[in-house]
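My entries follow in the order I made them.

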Amino acid sequence: MTVLTWPSELPKPDRDGYQRQIDDPRLGRSRDAGPAGWRRRWSSVTKSVSLTIDVDRSRKAVFDRFYEEDADFGSNLIWMPDPTTDGWPLLASDGRPLLLPDGTPILMAARWLCLFGKEPPRETVRGIRFRISFSVTVMP
């Protein structure tokens, strides 16, 4: 099985639409008395992440084709750059960016193996641009 790669033509997700939640791996246990208890249901924990991108008409077409045709309406696994890490400068312990000898900052790279979330993507129009909201489930 081939894992798809997030199209490089699409921009990084916006900061204001980012939201992440760890999917609860616990199973509640009821007791005869006292507070309810918990036990682990599974050992690997996925994360649900909500994202938005702001795109022009041509990039909207790239997203639509990727979601509908390449990812088969979100049912195929994809490799996606981690928007919280990928492309951000690597920092020293005092917060300064680490630089190469020519002064170029060293950038971090990270990617997620993920699936599109339960809800299909939603879009709104803002003038001549499109705001696409979607969620992904990041695999452990």
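Entry 1, strand pairing. The model is predicted. I began with strand E5 (residues 47-55), which runs antiparallel to strand E9 (residues 129-138) and is joined to E9 by 9 bridges. I looked up Ile53 and found Ile132 as its bridge partner in E9.

I then followed E9 to strand E8 (residues 122-126), also antiparallel, with 5 bridges between them. Here Ile132 of E9 is the bridge partner of Glu123. E8 and E9 form a hairpin with 2 residues between them. In its turn I noted Gly127, with a positive phi of about 65 degrees.

I also checked strand E7 (residues 111-116), which pairs with E9 in the antiparallel sense over 3 bridges. The bridge partner of Leu115 in E9 is Thr137.

I looked up the largest pocket, and its volume came to about 160 Å³. Which residues line the largest pocket? I listed Lys12, Pro13, Asp14, Arg15, Tyr18, Pro83, Thr84 and Trp88. I sorted the lining into 4 nonpolar, 1 polar and 3 charged residues.

I counted 10 aromatic pairs. One of them is Trp6 with Phe134, stacked at 5.7 Å centre to centre with 25 degrees between the planes. Trp6 lies in the loop between strand E1 (4-5) and strand E2 (19-22) and Phe134 lies in strand E9, so this pair ties together parts 128 residues apart in sequence. Are Trp6 and Phe134 buried or exposed? I noted both as buried.

I next took Phe63 and Phe116, an edge-to-face pair at 6.2 Å centre to centre with 85 degrees between the planes. This pair links distant parts of the chain, with Phe63 in helix H1 (residues 57-70) and Phe116 in strand E7, 53 residues apart. Phe63 counts as buried because its relative accessible area is 2%, and Phe116 because its relative accessible area is 6%.

I then asked which residues form one aromatic cluster. The members are Trp6, Phe63, Phe66, Tyr67, Phe73, Phe116 and Phe134.

I found the charged end of Arg26 over the ring of Trp38, 3.9 Å from the ring centre. I also found Lys60 over the face of Phe130, at 5.5 Å from the ring centre.

Technical notes
Residues numbered from 1 in each chain as written. Predicted model: local features only at pLDDT ≥ 70, side-chain atom pairs only at ≥ 80, totals over all residues. Heavy atoms only, no water. Pairing = 2+ DSSP bridges. Helix = DSSP H or I, 4+ residues; strand = E, 2+ residues; numbered from the N terminus. 1 Å grid on protein atoms, 1.4 Å probe; cavity = no way out; pocket = protein on both sides within 12 Å on 5 of 7 lines; lining within 4 Å. Points joined across faces, edges and corners; volume = space filled by probe spheres on them. Nonpolar A, V, L, I, M, F, W, Y, C, P; charged D, E, K, R; others polar. Phe/Tyr/Trp six-rings, centres within 6.5 Å; stacked < 30°, edge-to-face > 60°. Buried < 20%, exposed > 50% of the residue type's maximum accessible area, 1.4 Å probe, protein only. Lys NZ or Arg CZ within 6 Å of the ring centre and 35° of its normal.
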